[in-house]
Amino acid sequence: MAAGAGSGAQFVDRVVLHAVAGKGGNGCASIHREKFKPLGGPDGANGGRGGDVVLVVDSNAASLLEYHRRPHRKAANGRPGQGGHRTGADGGDVVLPVPDGTVVKAGDEVLADLVGEGTRFVVARGGHGGLGNAALATAKRKAPGFALLGEPGEERDVVLELKSVADVALVGFPSAGKSSLIAALSAAKPKIADYPFTTLIPNLGVVSAGDTTFTVADVPGLIEGASEGRGLGLDFLRHIERSSTLAHVLDCATMEPGRDPVSDFEVIERELQAYDRVLGDRPLSDRPRVVVLNKVDVPDGRELAEMVRPEFEKRGLKVFEVSAATHEGLRELSFAMAAMVAEYRAALPPAEPTRIVIRPEPVGGDTDFTVKPMGDNTYLITGTKPVRWLRQTDFANEEAVGYLADRLARLGVEDALREAGASAGATVLIGTADDSVVFDWEPEVEAGEGVAGPRGTDRRLDGYR
């Protein structure tokens with residue numbers, strides 16, 4: 001959601017971010033050479049890791065406007081390794097500041113709820129750098145003539161939603177005086193006028209009452225049907241979710257036919273209760289609330305406030321008659337809000353410091369792949385390891401292709417193909433049905449490091465050039 005073009009600086013509270021992490025640098029295939037020592041062994045180093053795309057909560061970030069204007073963000077690639085055991089440099093991370101209260105989603109799944117200064121979340125992880133031939137050397141393959149390619153970085157589209165972090169939310173119809181009230185209570189300077197939908201963005205103000213300091217959110221006007229998506233209701237209701245206290249701001253001087261403070265209160269309450277269905281814990285209908293009868297500086301407004309006050313008090317609600325214009329009743333209101341916020345804070349469990357949760361991917365065992373018959377002696381192999389190894393292989397280098405074949409054999413792929421009924425000459429696809437590399441399977445071709453030819457070649461592939 002963004003404010004209109006005529007509203008000054010735009011406010012955006014929902015964007016789609018396209019994040020691309022950096023590719024890992026390729027490994028290097030190099031042989032150490034110097035005078036009187038022409039073959040000093042492999043000295044090709046590993047490639048650097050690709051950069052991550054990271055979200056970080058920053059108190060200086062007020063909205064998601066920057067990502068509305070520039071939704072595509074890409075981290076730097078890792079540098080390739082070099083000879084002389086010189087490892088490639090890692091790609092730089094792209095760190096994206098977001099406001100406190102930003103929720104990260106992929107579809108309907110919530111990936112992260114970013115609350116608290118400095119909280120971090122890695123949206124897309126950079127690819128691993130490829131191994132150089134120094135790291136691939138073994139007792140049987142003393143000087144590999146190949147290196148592994150760097151892995152591509154993650155590509156991810158996520159939705160960023162901002163939910164205001166405020167203690168008290170002011171709710172009410174358009175032009176009920178919420179913007180004027182927050183301006184009178186705090187140092188906030190929202191746009192104020194006497195026509196509907198003046199406020200297109202949630203305004204935040206800081207209020208001090210006694211020893212308690214709390215934040216108040218001026219949530220833009222709601223209308224009947226907001227919980228069903230009418231108008232901008234759902235966008236505005238999202239900003240109430242984190243508030244501990246609700247304040248109904250009711251217009252006692254409205255001239256619109258069919259409206260009065262009691263009916264306005266009931267309409268907004270119905271919308272809040274209807275919105276509860278999208279919330280889990282702490283539904284809006286269970287949160288403490290106060291009633292603010294606004295605009296009592298108008299003679300008719302004061303008279304109406306005195307008439308409806310008993311109705312709200314019968315419902316067990318605290319009622320305050322105020323005027324944002326003359327500041328009448330604002331001191332009592334601010335101290336009442338402070339008491340409710342303090343009571344809520346006292347009931348909270350002790351705050352824990354922000355912790356970074358690391359969720360490493362599970363390491364697959366010997367069965368980290370599947371073989372699926374596709375008909376006509378064709379088989380599809382899927383799995384984390386085979387696909388990853390495929391991306392690391394330089395298919396222009398025969399020795400690298402032979403190394404891939406050896407890895408697949410050790411994983412048990414050939415045995416699994418036999419069990420699935422594959423015969424000589426079978427077409428084997430590794431990857432997915434839509435994106436795969438095709439091989440011809442010849443079960444009589446032996447596996448093992450000892451059959452490699454000169455550097456960069458493999459004798460087993462002589463018949464398939």
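Is Arg14 buried, partly exposed or exposed? Arg14 is partly exposed, with a relative accessible area of 39%. Keep that residue in mind. One caution before we go on: this is a predicted model.

Let's start with salt bridges. The structure holds 19 of them. Here is the general idea. Side chains of opposite charge can pair when their charged atoms come close.

Arg14 gives us our opening example. Its partner is Glu161, and the closest N and O atoms are 3.2 Å apart. Arg14 sits in strand S1, residues 14–20, and Glu161 in strand S8, residues 155–162, so this pair ties together parts that are 147 residues apart in sequence. Glu161 is buried, at a relative accessible area of 8%.

Next pair: Arg388 and Glu151. Their side chains meet in a salt bridge, 2.6 Å from N to O. Again, distant parts of the chain are linked. Arg388 belongs to helix H8, while Glu151 is in the loop between helix H2 (133–136) and S8, and 237 residues separate them. Arg388 is partly exposed, at 35% relative accessible area. Glu151 counts as buried, at 10%.

Now Arg315 and Glu266. The closest N and O atoms of this salt bridge are 2.9 Å apart. Arg315 lies in the loop between helix H6 (299–314) and strand S14 (318–321); Glu266 is in helix H5, residues 261–275. They are 49 residues apart. Both are partly exposed: Arg315 has a relative accessible area of 35%, and Glu266 has 31%. Salt bridges with shared partners join Glu266, Glu311, Lys314 and Arg315 into one network.

How do H8 and H9 run relative to each other, parallel or antiparallel? Look at residues 384–392 for H8 and 398–411 for H9. Their axes come within 10 Å and cross at roughly 170°. Angles over 145 degrees count as roughly antiparallel, so H8 and H9 are roughly antiparallel to each other. Who touches whom? On the H8 side we have Lys385, Pro386, Trp389, Leu390 and Gln392; on the H9 side, Leu404, Arg407, Leu408 and Leu411. That contact divides into six nonpolar residues, one polar and two charged.

Last stop, a sheet. Three strands form it, open, in the order S4-S2-S7, with mixed pairing. S4 (94–98) and S7 (120–124) stand at the edges with a single partner strand each, so one side of each has no neighbour in the sheet. The twist averages 30° from one strand to the next. S2, residues 53–57, pairs with S7 in the antiparallel sense over four bridges. There, Leu55 stands opposite Phe121 in S7.

Conventions. Residues numbered from 1 in each chain as written. Predicted model: local features only at pLDDT ≥ 70, side-chain atom pairs only at ≥ 80, totals over all residues. Heavy atoms only, no water. Axes fitted to C-alpha atoms, helices over the stretch in contact; angles between N-to-C directions. Helix = DSSP H or I, 4+ residues; strand = E, 2+ residues; numbered from the N terminus. Parallel < 35°, antiparallel > 145°, perpendicular 65-115°, else oblique. Contact = heavy atoms within 4.5 Å. Nonpolar A, V, L, I, M, F, W, Y, C, P; charged D, E, K, R; others polar. Pairing = 2+ DSSP bridges. Salt bridge = Lys/Arg side-chain N within 4 Å of Asp/Glu carboxyl O. Buried < 20%, exposed > 50% of the residue type's maximum accessible area, 1.4 Å probe, protein only.
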